[in-house]
Amino acid sequence: MSKSNLLLELYSNLSTTGAVTFSSKALVSKMVSHADLSHAKLIIEMGGGDGSITQGIIDKMNPDAELLVFEINSSFCKVMEDQFDLKNVKIINDSAENLEQYLDGRKVDYIFSSLPFSLMPKNSTDAILRISNHSLSKGGAFIQICYSYLLKSLFKKYFNKVEVSFTMKNFPPAFVMMCKDE
Ligand SMILES: C[S@@+](CC[C@H](N)C(=O)[O-])C[C@H]1O[C@@H](n2cnc3c(N)ncnc32)[C@H](O)[C@@H]1O
């Protein structure tokens with residue numbers, strides 16, 4: 001799928017994508033810089049989209065680590081399956097709500113999310129954030145990009161510590177929220 005068709009798919013599904021463009025390289029780089037991926041064994045991405053964040057994670061992760069990418073849009077999944085034909089990267093065409101079914105009891109080092117929580121039903125948001133917190137290993141982090149600072153109060157309900165950073169180098173300018181339990 002061409003870049004313009006990917007954008008059309010994103011734009012045509014605004015109620016589930018919550019974005020008019022994909023994340024910029026600068027935003028992805030800021031997001032990934034919050035994690036020590038060289039020591040991570042199991043990494044989750046929620047809301048893979050065109051694979052822009054996926055690529056940023058793959059560039060930094062250890063070749064022995066495993067990355068599971070959740071994405072509900074089957075067209076985006078097909079694009080990512082073609083782009084990331086790697087043994088340790090699994091593209092999962094399912095909602096992030098079902099994360100636990102894919103873990104076989106394992107704990108996760110980092111969860112990267114670009115899910116549009118401000119548009120999602122409260123019960124889905126609650127399920128995803130609760131499962132995310134429960135699935136993280138000690139010292140692990142849930143790292144979210146979002147366009148509104150107000151979402152910090154949502155993440156504070158599930159994580160003890162939320163550190164916020166910001167970049168203008170994205171359209172729209174975006175926040176990265178690094179959420180941890182300490
Ligand atoms: C804001 S877009 C981000 C796309 C890309 N990761 C980026 O940063 O440009 C959010 C993505 O989350 C996906 N999504 C929405 N709800 C989801 C859910 N419950 N589980 C998994 N993916 C979901 C959408 O289809 C969309 O691709």
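The structure is a predicted model, in which local features need pLDDT of at least 70 and side-chain atom pairs count only at pLDDT 80 or more, while totals for chains, interfaces and linings use all residues. Residues are numbered from 1 along each chain as its sequence is written, and side-chain values use heavy atoms, with hydrogens and water left out.

Leu 14 is found in helix H2, residues 14-17; helices (H or I, at least four residues) and strands (E, at least two) are DSSP runs numbered from the N terminus. Together with Tyr 11, Val 20 and Phe 171, Leu 14 makes a nonpolar surface patch of about 410 Å². Such a patch joins nonpolar side chains (Val, Leu, Ile, Met, Phe, Trp, Tyr) within 5 Å, from residues with over 30% relative accessible area and no salt bridge, the latter being a side-chain nitrogen of Lys or Arg within 4 Å of a carboxyl oxygen of Asp or Glu.

The ligand is surrounded by 25 residues, of which the closest are Thr 17, Ser 23, Gly 47, Glu 71 and Ala 96; a residue counts here if one of its heavy atoms lies within 4 Å. Polar contacts (pairs of N or O atoms within 3.5 Å) include one between a polar side-chain atom of Ser 95 and a nitrogen atom of the ligand, at 3.1 Å. A polar side-chain atom of Ser 52 lies 3.4 Å from a ligand oxygen atom, and a polar backbone atom of Gly 48 is 3.3 Å from a ligand nitrogen atom. Taken alone the ligand exposes 590 Å², and the protein buries 96% of that, with areas from the Shrake-Rupley method and a 1.4 Å probe.

Turning to the aromatic rings, the count comes to 8 pairs, where rings of Phe, Tyr and Trp (its six-membered ring) pair if their centres lie within 6.5 Å, with planes under 30 degrees apart stacked, over 60 edge-to-face and the rest tilted. Phe 22 and Phe 76 form an edge-to-face pair, 5.8 Å centre to centre with 80 degrees between the planes. This pair links distant parts of the chain, 54 residues apart, with Phe 22 in the loop between H2 and helix H3 (25-33) and Phe 76 in helix H5 (residues 74-83). Both Phe 22 and Phe 76 are buried.

The planes of Phe 142 and Phe 155 stand at 45 degrees, with ring centres 6.2 Å apart, so this pair is tilted.

Key: Patches are made of residues with over 30% relative accessible area and no salt bridge: like charges are joined within 9 Å, nonpolar side chains (Val, Leu, Ile, Met, Phe, Trp, Tyr) within 5 Å. A polar contact is a pair of N or O atoms within 3.5 Å; within protein, one must be able to donate a hydrogen and the other to accept it, and residues adjacent in sequence count only if both atoms are side-chain atoms. Buried means under 20% relative accessible area, exposed over 50%, partly exposed in between (1.4 Å probe, protein chains only).
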